[in-house]
Amino acid sequence: MQELVKVAVDAMGGDHAPLEIVKGAVEAVNRKDNVKVFLVGQEDAVKAELKKYQYDPSRVEVVNATEVIEMAEPPVQAIRTKKDSSIVTAMKMVKNKEADAFVGAGSTGAVLVGGQLIVGRIKGVERPPLAPLIPTEKGASLLIDCGANVDARPSHLVQFAKMGSIYMENIMGISKPRVAIVNIGAEEEKGNALVKETFPLLKECREINFIGSIEARDIPSGYADVIVCEAFAGNIILKLYEGVGGTLISMVKKGMMASLRSRIGALLVKPALKKTLKRFDTSQYGGAPLLGLKGLVVKTHGSSNATEVCNSILQCVAFTEQQMNEKIRAGIQEKENQEGNGSHGI
């Protein structure tokens, strides 16, 4: 019998909580036999939603948490004062090894702060980055960082590249993933101070397959497997990516319904078009893991529907089965040991 992967889900976080969160959790349990979900939140509200569904009751457990951290609350203060909130309670379960992972669609700031203060960083990790998979022509690329570290330093970006490479190799099965740094041109001398200082460090890093700079227009083509940047640029890329994708899909649908001829054509191309558009649906990849923590923390969109919640939970199963945290810890600490040994020899 497979060992259960236990996922603590913030049932009160997000625009559609607890309705879509509970629905997604049930879908995950019904799709995968080796996952157990702890729905953490206001017990009466969560149980009322659960009554709508059929599921294995031994693999869905409600954990009561009386407080909710709202989107507009200052993250640090909220984490420190709302001890019985769904985010804090669920993250403590990860810290205490009662759960293998946390999934939440609530306040991004609270998830980032809670991840670092409650779950804690792996020794040697300077800054944990948020790293979502984004769809490309060739499959998916990892955008790292997309929202956790706005004022990153060169050493942070180098660690992002290493953690991103480990993730893509183990989760996506890509041998020697191509790593590129976001820049305003392909030439090495271009970029701001951060990019110019980071570029030679990535170039010298033997643990990664660095291919140079990547311009934003080349991201959708799948030019690189790991796209490295600080969070300000990363978040802009992610939001623009999602906005353009949504707008294009909407425009295509409107165009196909514009006339009788286009409607007839739409019927003919619908199967192929549906398959193509699905490849650019970000919800199929789940949420963005906060890499470099002692336990797995996954942040999903605030507007997440049941599909994205379900895929985020299943993402945690793959992450745990591949022992990603252990591999990241080994990769970071091995480098630390090498540097320590080298310094003694000088």
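At the start of helix α8, a side-chain oxygen of Glu230 comes within 2.8 Å of the backbone nitrogen of Phe232. The model is predicted: local features need pLDDT of at least 70, side-chain atom pairs count only at pLDDT 80 or more, and totals for chains, interfaces and linings use all residues. Residues are numbered from 1 along each chain as its sequence is written, and side-chain values use heavy atoms, with hydrogens and water left out. Helices (H or I, at least four residues) and strands (E, at least two) are DSSP runs, numbered from the N terminus.

**Helix α8**

- Helix α8 covers residues 231-256, which is 26 residues.
- At 1.5 Å a residue, α8 should span 38 Å, and its end C-alpha atoms lie 37 Å apart, which agrees. The expected span is 1.5 Å times one less than the number of residues.
- Ala231, Gly234, Ile237, Leu238 and Tyr241 are the buried residues of α8. Buried means under 20% relative accessible area, exposed over 50%, and partly exposed in between (1.4 Å probe, protein chains only).
- These buried residues pack against three strands: β5 (133-136), β6 (139-144) and β7 (178-182). Contact here means heavy atoms within 4.5 Å.

**Helix pair α6 and α7**

- The axes of α6 (residues 154-171) and α7 (residues 193-204) come within 9 Å and cross at roughly 50 degrees. Axes are lines fitted to C-alpha atoms, for helices over the stretch in contact, and angles run from 0 to 180 degrees between N-to-C directions.
- That angle makes α6 oblique to α7. Angles under 35 degrees count as roughly parallel, over 145 as roughly antiparallel, 65 to 115 as roughly perpendicular, and the rest as oblique.
- The α6 side of the contact is Pro154, Leu157, Val158 and Ala161. The α7 side is Leu194, Glu197, Thr198, Leu201 and Leu202.
- α6 passes α7 in a right-handed crossing. A crossing is left-handed if the near helix is turned anticlockwise from the far one by less than a right angle, and right-handed if clockwise.

**Helix α4 and its partner α5**

- α4 (residues 86-95) and α5 (residues 108-119) pack at about 35 degrees, with axes 10 Å apart.
- Their crossing is right-handed.
- α4 contributes Ile87, Val88, Met91, Lys92, Val94 and Lys95 to the contact. α5 contributes Ala110, Val111, Gly114, Gly115, Ile118 and Val119.
- α4 is largely enclosed by the rest of the structure, because 8 of its 10 residues are buried.
- The buried residues are Ser86, Ile87, Val88, Thr89, Ala90, Met91, Met93 and Val94.
- Lys97 follows α4 and has a positive phi, near 65 degrees.

**Leu296 in strand β11**

- Leu296 sits in β11 (residues 296-299). Leu296 is buried, at 3% relative accessible area.
- Not counting residues up to four places away in sequence, Leu296 touches Val94, Asp100, Ala101, Phe102, Pro289, Cys316, Phe319 and Asn325.
- Leu296 and Asn325 are 29 residues apart in sequence, and their C-alpha atoms are 7.4 Å apart.

**Lys52**

- Lys52 lies in the loop between α2 (43-50) and β3 (60-64).
- Its relative accessibility is 52%, so Lys52 counts as exposed.
- The side chains of Lys52 and Glu49 are joined by a polar contact of 2.9 Å.
- Lys52 and Lys23 are 29 residues apart along the chain, with 8.8 Å between their C-alpha atoms.

**Backbone geometry in loops**

- The Ala17 to Pro18 peptide bond is cis, with omega near -5 degrees. Pro18 falls in the loop between β1 (5-10) and α1 (19-31).
- The Ile144 to Asp145 peptide bond is also cis, with omega near 25 degrees. Asp145 is in the loop between β6 and α6.
- Lys176 is not a glycine, yet its phi is positive, about 50 degrees. Lys176 lies in the loop between α6 and β7 and is exposed, at 64% relative accessible area.
- Gln323, another residue other than glycine, has a positive phi near 55 degrees. Gln323 is in the loop between α10 (306-321) and α11 (324-344) and is partly exposed, at 46%.

Definitions and conventions: A polar contact is a pair of N or O atoms within 3.5 Å; within protein, one must be able to donate a hydrogen and the other to accept it, and residues adjacent in sequence count only if both atoms are side-chain atoms.
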